[in-house]
Amino acid sequence: MDKRDDIVRDVSPKQLILRKVWTVVQHVLLLLGGLIVIFPFVWMILTAFKTNPEVTDIAEFHLLPQTWQWENFTSLFSQHPMATYYVNSIIYTLLRSIPSIFFAAITGFALAKMPFRGRGMVWFLVLATLIVPFQVRLIPLADMIFGWGLRNEYWGVVLPGLMEPFGIFLFAQACKSIPNSLLEAAKMDGCNVWQQFVYVVMPLLIPTLAAYAIIIFMWSWGEFLWGFIVVTTPDKMPLEVGIKGFAGEHYTSVVQMMAAATVAVVPVLAVFLAMQRQFIKGMTLSGLKG
Amino acid sequence: MNSGIRREEKIQFRRTLIVGLLIVLALVVLTAPIRPGEKPKLRVRIMYNEYQTEFFNRMALEFEEMHPEIDVVIERVTGGSWTDFEISILNDYWNGTPPDVARINEGWLNRFIGAGLLEPAPDDLVDYLETQPVSDSLKQVLYRDDDAYGVIHAATWQNLYYNRDHFSEVGLDPEHPPENWDELLDYAQRLTVYDDDGDILRAGLSLRKSGYAPGTGMKFFDFFFSAGGEIFNEDLSNCLINSDAGVRSLQLYVDCLYEYRVDGFEVVGDAEGFANGNVSMFYRGPWVINYLAENAPDVNYGVANICADEISSSNGGYYPLCVASESSQKDLAWEFIRYLIRPEHLAEHARNEKSVPFDIEAAAYPEFAEYEAFMTFLQQENVKAFPTVPHQNEIQAMIGETVERVARSGEDPTAALDALVARIDPLLQVTERKESINPKLISGYILGLLLIGFLAYVVVWWRRDPQGRNGYVLIAPMLIYFAIFFIYPIVSSLTLSFWDYNPLESANPFIGLGNYKDCITDAGFLKAFKNTAVYAFWTVLLGTVISLSLALVMNRALEAIGLYRTLYFIPVVTSIMGAVLVWKYLYLPDSTGLFNMILNGLGADNVLWLQDEKLALGCLITMSIWKNMGFNMIIFLAGLKAIPDMYYEAAAIDGANEWQKFRFITLPSLRPTILFVVVTSLIATFQVFTQVVGLTEGGPNNATRTIVYHIYEVGFKDFQLGYASAAAVIMLVVVGFITWLQMRIARDR
């Protein structure tokens, strides 16, 4: 019960019961709503384990699979390069997020703590690029990447995502809260800028780093548009682009489509459930974008 | 203060940095596009089915044995439709890495030859082309200014299939199929069978009247050509489809459907209907021979040449093997083509592909000789190709759509064809692409000036202010990167939008505001803009209201908040394409989709959902609200937590009820949060793309086309980069306006 409700002291027993009932109703509604929200995923997993007739023939319909068809997954992996998609997604995510975090940290540090002429202009540049949607850069970027012959190449996918203005913004904001006295003390101890950054600033930025790592992981893993345009050969496709094939007219069956969706959804879901506090915190920060 | 950080930590950080660096370095090397020491490749791209996979791989292996210096790669095209195949090849040209050998569909040939993307065939293959027993009309389309740009690998055209048993049944001679239109109509009426209500049980003559529009057009031309029609005039500047032949052919469709009632929309037509015995006669390509052998071996049928009105003539399609002008292996590419067109290989391929083995030698192979029907196809005279014209695909589709529409509505053919010609003629006008300065050069200059300016600035202050040097060093990588990947593309979007820029053409004219004018007059863009606005409005409005209500309720139910938060947050963290697949299944138009199951359970009929023009956008909105609701909810929860309890306490003492508390405390305090959620969601909804691609591809009938989807289609399917950039700039203006509005409102507070 909310603490502020207790302030009103003179409540009659009838009101108290009413309030209790209301609380229960709230909980039931929230739980029901929550179940409706995750029901598509329950449905997906159940379908992924069914046989095709169970799904296509309405007369054969049961909510639960009659027998759990693990073969659906083995055939999915043997008939489609799902493993390749996975490896590619990991490569793309690592190649994007490590430089992205590193450069965001040093640039944010410089913008927050290094006095230099023109800092205002650079800061303006970061904020201005933060507002511009990716789609505005899409056509010239593609023309540039294709001009370098990097279509269907790992580098072509990764190059435009090595730095994000949002990361710089995030790290700069975090660095601003670091007291200058700490840096000056380090300087007195004989630390150069690099050492200050590595030994003084970075340890204090760990919460920001964790949040940003989660954001950039979610962005790179879930990135679709650019990969869809640059990659058309399965051997270079990330998972998101690879499973798009199941949404087309040519997908083999609903069961296989749901198996593919399960394979795409469940691992990230597991990571989320394992570290939901950090996820929610990180994703809330990413809301600052725009 | 350095002592504040422990020694172990120092080492740990250094280690982390080094490990990170090593991972990146290793990946960069492993994923590099250049892989030294590889054999040169001959890349071959042919759209083929499962049958063909084995065949082409064997051809490649055999060819590699003869030419060990090369590695022949047969590139498989996955999924996708016929048009995606050529579009992906064009994208490869844009990338400078076209396949060396490709089999290009006829409708695209003009575009490829016109843009100089293909290599003229060597003399011996031109001689071979000349001796190929295909009509001159089919060969002619490969020529441009005396050069032939490929060799025909396969061709297909139509003949009349008729059911012999049906003929005998109504007293017609199975040995004498109809030869002219009068006989065709007469036979068709005698062959048609009706039920008691007058509905057609068996169509005497099944016409192609729906499906893939260019395919409908192709079958229409069998009538049109036979009526003596020509699609274009001599110099291909005017469309003649509204000539007497065109009107008579289309009138024949209308008569068959509405006057003589020898065909109707209630019967299953085409090959499927013929196999089921629901169709007595129809025009179709040679693949039906194999189809019938596999699916309906009992059907006793015959094949005859197309019925003449003036002459007997069929519309032929052809698939030439072509070599890219940019190929570095041209000689070997032609050599591989020579290998592919050996009679024995052509015969095997044609059998796999179910096309006409038009090569006389190939046709003599036993697998064809046993089908008498194939020989009838080879006897068809006057096989005519659709002439190679600009916008050929578009024009073929437009003609097909008109035929489909007239067949469905029974409207006046003359008026429909006149209107069609009025739309086609402007497409035939070839405007010379004038050379002008490359817009990318201008963006480059602008970028260069900016960089020089900044560099000068840095140099000046480097000397004057040694304190700032460290800052310059630290931001240098970011500045260089932003210049290349942010400033240049943004500037370039702007400059490109003033050019008619196509990366596959050599000349790209400056057209001023032309692209913007096209945007505001193009029905596709306007529809996309309207759809995006509607989508954004409802997604943001409903999404905000729902997530705010959730947050309000949840804020009070403190005990289990963690569980609820997790439940509602799950869709936010899941992969968007995975979610799209799931919703595609939920929205299935038949009784197996979840939503239809629910409707059926309530006693209602199935709804088409994503295929219903009125509902499709609503389906996308629903899914997007579901996906993002948890995210906004979390932001609202954070906002609610920040409201001091004492406000509520004070209100309670003043005797405020719940509604008053909400109205006068919660809502005003949440104002900045609400503004933030609305603005960020608006900007995000304006960029919607993945759901559209996954669920509807912009359809049905553009009902879900959004701005970004439009940019994607125009840019990467039509290669009109200038026009796409103009659309992107308009989008930037809208997003900029929303942001500006937000800043104003936030400042006014």
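Some ground rules. Residues are numbered from 1 along each chain as its sequence is written, and chains are lettered from A, with ligands numbered from 1, in the order in which they are written. As the model is predicted, local features need pLDDT of at least 70 and side-chain atom pairs count only at pLDDT 80 or more, while totals for chains, interfaces and linings use all residues.

I will start with chain A. Its domain assignment gives domain 1, residues 3–72, and domain 2, residues 80–286; such bounds come from an automatic or database domain assignment. Taken over C-alpha atoms, the centres of domain 1 and domain 2 of chain A are 34 Å apart. In chain A, 10 residues of domain 1 are in contact with nine residues of domain 2. Contact here is between two residues whose C-beta atoms, placed from the backbone, lie within 7 Å.

On the domain 1 side of that boundary, α1 (13–48) and α2 (52–56) of chain A each supply at least two residues. By type, the side divides into five nonpolar, four polar and one charged. Nonpolar covers Ala, Val, Leu, Ile, Met, Phe, Trp, Tyr, Cys and Pro; charged covers Asp, Glu, Lys and Arg; the others, Gly among them, are polar.

Next, one helix of chain A. Helix α5, residues 119–131 of chain A, has 13 residues and reaches 19 Å from its first C-alpha to its last, close to the 18 Å expected at 1.5 Å a residue. That expected span is 1.5 Å times one less than the number of residues. Within α5(A), Val122(A), Leu125(A), Val126(A) and Thr129(A) are buried. Buried means that 20 or more other C-beta atoms lie within 10 Å of the residue's own, exposed means 12 or fewer, and partly exposed is in between, with C-beta atoms placed from the backbone. The buried residues of α5(A) fall within an arc of 95° seen down the axis, so they line one face of the helix. The arc is taken over the directions from the helix axis to the C-beta atoms. On the face turned away from the buried side, α5(A) carries the exposed residues Gly120(A), Phe124(A) and Leu127(A). The buried residues of α5(A) pack against α4 (82–113) and α8 (165–176) of chain A, together with α21 (469–496) of chain B.

That brings us to chain B. Chain B has 32 helices and 13 strands, and its C-alpha trace spans about 100 × 70 × 50 Å along its principal axes. Of the 749 residues in chain B, 42% are buried.

How do the two chains meet? 106 residues of chain A are in contact with 106 residues of chain B. On the chain A side, α1(A) gives the most, with 13 residues. That side divides into 74 nonpolar, 20 polar and 12 charged residues.

Last, the core. The largest nonpolar core has 282 residues, and those with the most contacts inside it are Phe171(A), Ala260(A), Leu581(B) and Ala727(B). Such a core is a set of buried Ala, Val, Leu, Ile, Met, Phe, Trp, Tyr and Cys residues joined through C-beta atoms within 7 Å.

Technical notes:
Helix = DSSP H or I, 4+ residues; strand = E, 2+ residues; numbered from the N terminus.
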